[in-house]
Amino acid sequence: MSDRLHIPVLLKEVIHILDIQPNGIYIDGTFGAGGYSEAILNTNPSVRVIAIDQDETAIQAGQDLVKKYAPRLSLIHGRFGDMEKLISEKVNGIVLDIGVSSMQIDQPQRGFSFQKNGPLDMRMGQSGPTAADIVNTYKENDLADIFYEFGEEKASRRIAKKIVQQRAIKKFETTLELANTIHSCLPHKPGEIDSATRTFQALRIYVNDELGELKKGLAAAKSLLKPDGILAVVSFHSLEDRIVKNFMAQESGHTSNPSKYLPTIQKSPPSFHVLTKKPILPSEKELSENPRSRSSRLRAARRLI
């Protein structure tokens, strides 16, 4: 695999905003190839990192880094939404890189991409129902709702109808079978993103409960961060970014009263101070060197109490 694909997006910006402290403890909730973890460890020889990943493949591949930085790097197999249960100590910072990793996309057998044929899987943790289970068993209306809600696909009902028609002839088994079915009812237009992109995104998010996991992870971060600890979240599409933005607005006391005609809601003291009024976007240099960064955005907040 190209080294370029291992580059964590917005790395310099994440390290800068985390404001790494000597003897600090940091959580990398989405370890992947270990890019953020290694960069944090390299800032100071007294820093410790606790990294989490639900993908057993990433855990196995990360053992060389664990040895290299022993005893400062701990690598835990689990979901970052459960980090409050996995980690018992307060920390100085948490970084989350939401979504599928480049390594997972580049492995056809994982079934995340329609660029290469592979089993229609999409499970990050390799347990539970697959994407094939969903498209082969769910009702047409339920499929359409998934494609619309999690992929923002305007043609969701047309695609769902075509899938149901096709699976009556032959069950879906591979990524290309699904992609070709989508292309048959929603042709790809030159210069635009592939017409299967939103449907694949929706299935991946649904299969892995990514939005629910993000909400759990944000709540856990609130519990685990020390006062002045930093939460940094890199997201890649509007659904994720909206959840992060709303969480930080609510926890910083910046949500407005729902109606001027209703009694003023007594707000709790703010638990975070937002550090990014607008999301930080990748530079032109990063965009040219790492195309994966093109839709990324970074939001961060500092724990107050």
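Me: Is Asp209 buried, exposed or partly exposed, and what is its relative accessible area?
Reply: Asp209 is partly exposed, with a relative accessible area of 42%, where partly exposed lies between buried, under 20%, and exposed, over 50% (1.4 Å probe, protein chains only). This is a predicted model, in which local features need pLDDT of at least 70 and side-chain atom pairs count only at pLDDT 80 or more, while totals for chains, interfaces and linings use all residues. Residues are numbered from 1 along each chain as its sequence is written, and side-chain values use heavy atoms, with hydrogens and water left out.

Me: Where is Asp209 found?
Reply: Asp209 is in the loop between α11 (197-208) and α12 (210-224), helices here being DSSP runs of H or I with at least four residues, and strands runs of E with at least two, numbered from the N terminus. The phi of Asp209 is near 45°, a positive value in a residue other than glycine.

Me: And what about Glu152, which phi does it have?
Reply: Glu152, not a glycine either, has a positive phi of about 50°; Glu152 sits in the loop between α8 (140-151) and α9 (156-167) and counts as partly exposed at 36% relative accessibility.

Me: Changing topic, at what angle do α8 and α11 pack?
Reply: The angle is about 95°, and the axes are 8 Å apart, the axes being lines fitted to C-alpha atoms over the stretch in contact and the angles running from 0 to 180 degrees between N-to-C directions. The two helices α8 and α11 are therefore roughly perpendicular, a term that covers 65 to 115 degrees.

Me: Which peptide bond is cis?
Reply: The bond from Ala70 to Pro71 is cis, with omega near 0°, and Pro71 lies in the loop between α4 (63-68) and β3 (73-77).

Methods: Angles under 35 degrees count as roughly parallel, over 145 as roughly antiparallel, 65 to 115 as roughly perpendicular and the rest as oblique.
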